[in-house]
Amino acid sequence: MPPFFPPTNLAVTSALGSGVYKKDNTLTWQKNAQNRASEVAKYRIYRKKLEEADTGYVLAGEVGADILTFKDAGRVNDQRYTYVAVAYSIYSYESARTASVTDLKFYAKC
């Protein structure tokens, strides 16, 4: 199998969600130039609570190979979440994880 690399520059921003106690986290990343574009099938985003061990990551969602953003809506506003992303190849295997990013607690303005 050819080498396969994770996306780059993973970032997260938080905004007020559908309720006063909810937040929406939007993740963005860039394609890794070391991957052949034709070999990237999709991107997967994994989430865990900040205080959990790395074994706590669960699949938050996945998007197509040409989509470089993911909205994780309806998170609890005073809970912090940590995310990683991977590229998933047409050969059915994942790249290594990106460096993790963590959101902020987010409160509605009074």
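A: Two strands pair if DSSP finds at least two bridges between them. Strands (E, at least two residues) are DSSP runs, numbered from the N terminus. This is a predicted model, in which local features need pLDDT of at least 70, side-chain atom pairs count only at pLDDT 80 or more, and totals for chains, interfaces and linings use all residues. Residues are numbered from 1 along each chain as its sequence is written, and side-chain values use heavy atoms, with hydrogens and water left out.

Q: How many bridges join strand β6 to β7?

A: Strand β6 (residues 81-89) is joined to β7 by two bridges, and the two run antiparallel. Tyr83 stands opposite Val101 in β7.

Q: In what order do the four strands of the open sheet lie?

A: The order is β4-β3-β6-β7, with antiparallel pairing. At the edges are β4 (58-64) and β7 (101-102), each of which pairs on one side only.

Q: Why is Ala60 called partly exposed?

A: Buried means under 20% relative accessible area, exposed over 50%, and partly exposed in between (1.4 Å probe, protein chains only). Ala60 is partly exposed because its relative accessible area is 21%. Ala60 belongs to strand β4.

Q: Which residues is Ala60 in contact with, leaving aside its neighbours within four places in sequence?

A: Contact means heavy atoms within 4.5 Å. Beyond those neighbours, Ala60 is in contact with Ile45, Tyr46, Arg47, Phe70 and Asp72.
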